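Please look over the sequence and the model below before reading on.

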Amino acid sequence: MAKSKFEYVKQFEQPDSCLPNCWLVVRVDGKNFHKFSDTHNFLKPNDVRSLNLMSKAAEVVMNEFKDIILAYGQSDEYSFVFKRNTNTYNRRASKLSSTVCSLFTSAYVFHWRDYFIAKQLQYPPAFDSRTIAYPTIRNIKDYLCWRQADCHINNLYNTCFWKLVQEANNTPKQAQERLKGTLSSDKNEILYTQFGMNYNNESEIFRKGSVLLRKKVQKPKVHFIEETVIQPVPTANGLETVERQYTKSKVCIVPFHCDIIGEKFWRENPDLLGTES
């Protein structure tokens, strides 16, 4: 494109490249999602349709950006961890944030009817995003632990709150007053003594959120009959022709609902973050 006298305006753009040699996290958050969930009659305290739709939108993002090594989601948010040496968009924070957020939002709308079959969208959902750089393994682990701890704290409160509203006929204000200043042990006690509920038996997708990882998945042989090969094999009496079937493995994005605060997850997935140099 030919230069013009107006091109000087490019000088007003400020560089916003993230620090090198750091994991980059793009976190997408729902904007005013309390109103959105109320308008669309989400089940309280958790609507598994919404959680699965969020994971589907996150899967679309991971399929687009191969440098994402892990995604963690809960409630109305998802965090995408880009590998340490990624050069996607030259590590520009604004480009990463805007593109991940826009793709996530469009995927959420595109797949809405797959999960809310009989529910029409009343208005477009909105998400915001930010990009953060974390320089050490401890930093990035602590970030993910922070988000899962947030999931636990919020879900325990919401579970208790909606039990008080839906089953004990408290008003929302009364339920808030009842839970004000309570500890996790207090909320567990309320759930157990008043409602006969053991919080630890709640589904892990609610208590721990969702972790998306790339995993090799083997497909059954029957799906690949056309790939059967005939090979000559030496025997005592010469060559014998045998038929061998081979299975294919494919890298898929697989959801897990597990603890990532303890070390077990990281021992089972040692290649995710590698080791400090």
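## The sheet and its surroundings

In S8, Val211 finds its bridge partner in Phe256. Eight bridges join strand S5 (residues 210-218) to S8, and the two run antiparallel; strands and helices here are DSSP runs, numbered from the N terminus, with at least two residues (E) for a strand and at least four (H or I) for a helix, and two strands pair if DSSP finds at least two bridges between them. The model is predicted, so local features need pLDDT of at least 70 and side-chain atom pairs count only at pLDDT 80 or more, whereas totals for chains, interfaces and linings use all residues. Residues are numbered from 1 along each chain as its sequence is written, and side-chain values use heavy atoms, with hydrogens and water left out.

The open sheet is formed by six strands in the order S4-S1-S3-S2-S5-S8, with antiparallel pairing. Because strand S4 (127-134) and strand S8 (249-256) each have a single partner strand, they stand at the edges, and one side of each is left without a neighbour in the sheet. On average, neighbouring strands of this sheet are turned by 25 degrees against each other, direction ignored; axes are lines fitted to C-alpha atoms, for helices over the stretch in contact, and angles run from 0 to 180 degrees between N-to-C directions.

Strand S1 (23-30) pairs with two of these strands, as the table shows.

| Pair | Bridges | Sense | Residues standing opposite |
|---|---|---|---|
| S1 and S4 | eight bridges | antiparallel | Asp29 and Asp128 |
| S1 and S3 | six bridges | antiparallel | Val25 and Val81 |

Helix H3 (residues 93-110) lies across S1, strand S3 (77-82) and S4, and runs at about 140 degrees to S4. Helix H5 (residues 137-166) packs on the sheet, touching S1, strand S2 (68-74), S3 and S4 (contact means heavy atoms within 4.5 Å), and its direction makes about 25 degrees with that of S2.

Elsewhere, Thr182 is found in the loop between helix H6 (172-179) and helix H7 (184-195), and at 18% relative accessibility it counts as buried.

How values were computed. Buried < 20%, exposed > 50% of the residue type's maximum accessible area, 1.4 Å probe, protein only.
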